[in-house]
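Have the model open beside you as you read.

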Amino acid sequence: MEELAVDHGDLALGGFELDFYHDGVRRRRPLGAGWNIRFEQAPPVRPFDWSKGGTSFAGWYYSVTNADHVGYESWLERDRLILLDADPEVRGIASQPFWLHWHDGVRRRRHAPDYFVRLADGRGRVIDVRADDQIDDAAAQAFEASQRACRSVGWEFARVGVPDPVLMANMRWLARYRRRRCGDRRDVADELLRVFGQPTPLRAGACSVGDPLLVLPVLFHLLWMGVLAADIGTQLLGSDSLVHAAKVAGR
């Protein structure tokens with residue numbers, strides 16, 4: 001049985017407590033005493049629902065940001081992971097990092113946010129993923145309490161819904177080429193940057209560099225990294241998509 005280390009005392013910052021794993025030990029602390037834990041490295045505080053025929057779609061997504069797998073419990077959460085993984089400002093991602101405990105004046109409540117991310121400038125961001133039409137009163141109250149808790153310790157909070165379908169279709173495609181091995185051909189990458197120094201149709205530019213079977217994975221990896229850019233928000237990527245070198249290289 002796991003050890004449960006509970007740090008009781010006055011509940012700080014609006015009566016919130018954090019319940020999480022740290023160094024393999026389950027801990028519970030007032031929010032004011034646990035806000036500086038590196039939750040982007042925390043394991044999930046509760047198990048995912050893997051039951052066959054259930055209503056959730058749990059799985060593991062390999063994050064190049066973490067160089068490790070991150071869990072999700074729905075396709076919507078998986079899509080958000082892809083977007084977070086591609087964000088150059090994100091440096092770490094953890095799913096279900098802690099339980100947030102509080103009392104709503106009537107009863108004790110708890111909520112496990114979907115993700116905690118660490119940004120490049122050191123800020124923390126708590127993210128809940130829920131479609132607009134799936135927010136009932138209990139969820140709305142949990143999100144409001146989470147936002148209040150995050151504000152009290154300087155974290156950002158975001159409740160995100162369904163992403164734009166065109167953007168997400170493109171990002172799912174590019175995510176297939178997210179692993180660094182897709183960009184290992186430095187000679188091909190350098191030639192692609194030269195060719196796409198001016199906006200050029202995707203396939204024509206790739207074919208001018210060499211065999212598309214060799215060149216396209218590198219091209220898609222550079223698009224994922226933000227080194228190359230295209231309009232992925234309003235139209236699906238295709239042979240005629242105009243690609244150009246980005247003004248600011250990604251990570």
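## Helix α4 and its cap

Aspartate 164 caps the N-terminal end of α4, with a side-chain oxygen 3.0 Å from the backbone nitrogen of valine 166. Helices here are DSSP runs of H or I with at least four residues, strands are runs of E with at least two, and both are numbered from the N terminus. Please keep in mind that this is a predicted model: local features need pLDDT of at least 70, side-chain atom pairs count only at pLDDT 80 or more, and totals for chains, interfaces and linings use all residues. Residues are numbered from 1 along each chain as its sequence is written, and side-chain values use heavy atoms, leaving out hydrogens and water.

Which residues of α4 (residues 165-175) are buried? They are Met168, Asn170, Met171, Leu174 and Ala175, where buried means under 20% relative accessible area, exposed over 50% and partly exposed in between (1.4 Å probe, protein chains only). Seen down the axis of α4, these buried residues fall within an arc of 165° (taken from the directions from the axis to the C-beta atoms), so they line one face of the helix. They pack against β4 (59-63), α2 (75-86) and α7 (212-225), a contact being heavy atoms within 4.5 Å.

The side chains of arginine 172 and aspartate 79 meet in a salt bridge (2.8 Å, N to O); the term covers a side-chain nitrogen of Lys or Arg within 4 Å of a carboxyl oxygen of Asp or Glu. This pair links distant parts of the chain, with aspartate 79 in α2 and arginine 172 in α4, 93 residues apart. Aspartate 79 is buried at 6% relative accessible area, whereas arginine 172 is partly exposed at 36%.

## Strand β7 and its neighbours

Four of the five residues of β7 (residues 99-103) are buried, so this strand is largely enclosed by the rest of the structure. Three bridges join β7 to β2 (residues 17-22), and the two run antiparallel; strands count as paired if DSSP finds at least two bridges between them. Leucine 100 in β7 is the bridge partner of leucine 18.

Tryptophan 102 has arginine 109 in β8 as its bridge partner. Four residues lie between the strands of this hairpin, where glycine 105 takes a positive phi near 100°.

Note on methods
Polar contact = N/O pair within 3.5 Å; in protein donor to acceptor, adjacent residues only side chain to side chain.
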